Amino acid sequence: MAKISPFLSFVLLLGATCSSGFAFQASTTSEITLADSYLDSFQTKEAIKIYESLLDPMSEDPMNIHVWIQLGKAYIQGARTNDAIIHFQKLRQLSSDYAAICAEYILLARATGALISEQYEEAIHLFQEYLGINPTYVMALTRLSRCYLLTNRPRQALEYADKALAIDPAQTWVHPVRADALIGMERYEEALASLRIYISDSESRGSENRHVQRMRQKAEEIAALLQD
């Protein structure tokens, strides 16, 4: 199903501007671009804060619709699944033109909610259903991989982590999930390599948090195991 990309939204905005004489301020467009970059780099709270400040709940302007969709995605990314479902239901009420994409993201939110509530088999079913619609969404592939890990199926977990990285190798946050799958299969050298990719990329971006620290500790433990 086609998504509304930032570029397409901007093109549509130009058409709306020519026909109505209305245009977003350049500063608003800049804020949306910043929020999109935060969302892409998993700085979810920062992205949500900007999107919420920009959203006009009554406007069908194409750039505002982009904000609607991105904010809903940010809620899902941040595990605020109930907020995401309500949000997309409101967008569907605003315009039936977006019914299909709203249904798609509500399904993704339900899948994520099932994962959070530890209903893993239900989550697997819902993620598989979602991926039947959008098979290249890295976050969904990775969360499905996590479901398989949590149900002791590392081979399936590795399959979906590899699919996610094949689609976008730059999404290095997938590597810790991939590493856990490899550890479950006792493929420790490959797991260590995956962890090091994630750690190196995090360091290059100046990203130091508890998760990075935990992955660094895990990598050190695997390296010590391999030396024995």
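The exercises below, with worked solutions, concern a predicted model.

**Exercise 1.** Determine whether Thr-44 is buried or exposed, and state which residues Thr-44 contacts outside its sequence neighbourhood.

Solution.
- Step 1: Locate the residue. Thr-44 lies in helix 3, which spans residues 44-54.
- Step 2: Classify its accessibility. The relative accessibility of Thr-44 is 12%, and buried means under 20%. Thr-44 therefore counts as buried.
- Step 3: List the contacts. With neighbours within four places in sequence left aside, Thr-44 is in contact with Tyr-38, Ala-74, Gln-77 and Gly-78.
- Step 4: Look for a polar contact. The side chains of Thr-44 and Gln-77 make one, at 2.8 Å.

**Exercise 2.** Describe how helix 8 and helix 9 are arranged, and which residues of each meet.

Solution.
- Step 1: A general point sets the quantities to look up. Two packed helices are described by the angle between their axes and the distance between the axes.
- Step 2: Read off both values. The axes of helix 8 (residues 138-150) and helix 9 (residues 154-167) cross at roughly 165° and come within 7 Å.
- Step 3: Apply the cut-off. Angles over 145 degrees count as roughly antiparallel, so helix 8 and helix 9 are roughly antiparallel to each other.
- Step 4: Assign the handedness. The crossing of helix 8 past helix 9 is left-handed.
- Step 5: Identify the residues. Helix 8 contributes Val-138, Leu-141, Thr-142, Leu-144, Ser-145, Tyr-148 and Leu-149. These meet Gln-156, Ala-157, Leu-158, Tyr-160, Ala-161, Lys-163, Ala-164 and Ile-167 of helix 9.
- Step 6: Sort them by class. The contact of helix 8 with helix 9 has 11 nonpolar, 3 polar and 1 charged residues.

**Exercise 3.** Find the accessibility class of Glu-159 and how far apart Glu-159 and Thr-142 are in space.

Solution.
- Step 1: Glu-159 is part of helix 9.
- Step 2: Its relative accessibility is 37%, so Glu-159 counts as partly exposed.
- Step 3: Between Glu-159 and Thr-142 the C-alpha to C-alpha distance is 9.9 Å, at a separation of 17 residues in sequence.

**Exercise 4.** Work out the relative orientation of helix 10 and helix 12, and what makes up their contact.

Solution.
- Step 1: Helix 10 (residues 175-184) packs against helix 12 (residues 210-227) at an angle of about 30°, and their axes are 12 Å apart.
- Step 2: This angle makes helix 10 roughly parallel to helix 12.
- Step 3: Helix 10 passes helix 12 in a left-handed crossing.
- Step 4: Pro-176, Asp-180 and Ile-183 of helix 10 make the contact with His-211, Met-215, Lys-218 and Ile-222 of helix 12.
- Step 5: By class, the residues of this contact divide into 4 nonpolar, 1 polar and 2 charged.

How values were computed. Residues numbered from 1 in each chain as written. Predicted model: local features only at pLDDT ≥ 70, side-chain atom pairs only at ≥ 80, totals over all residues. Heavy atoms only, no water. Helix = DSSP H or I, 4+ residues; strand = E, 2+ residues; numbered from the N terminus. Buried < 20%, exposed > 50% of the residue type's maximum accessible area, 1.4 Å probe, protein only. Polar contact = N/O pair within 3.5 Å; in protein donor to acceptor, adjacent residues only side chain to side chain. Contact = heavy atoms within 4.5 Å. Axes fitted to C-alpha atoms, helices over the stretch in contact; angles between N-to-C directions. Parallel < 35°, antiparallel > 145°, perpendicular 65-115°, else oblique. Left-handed = near helix turned anticlockwise from the far one by under 90°. Nonpolar A, V, L, I, M, F, W, Y, C, P; charged D, E, K, R; others polar.
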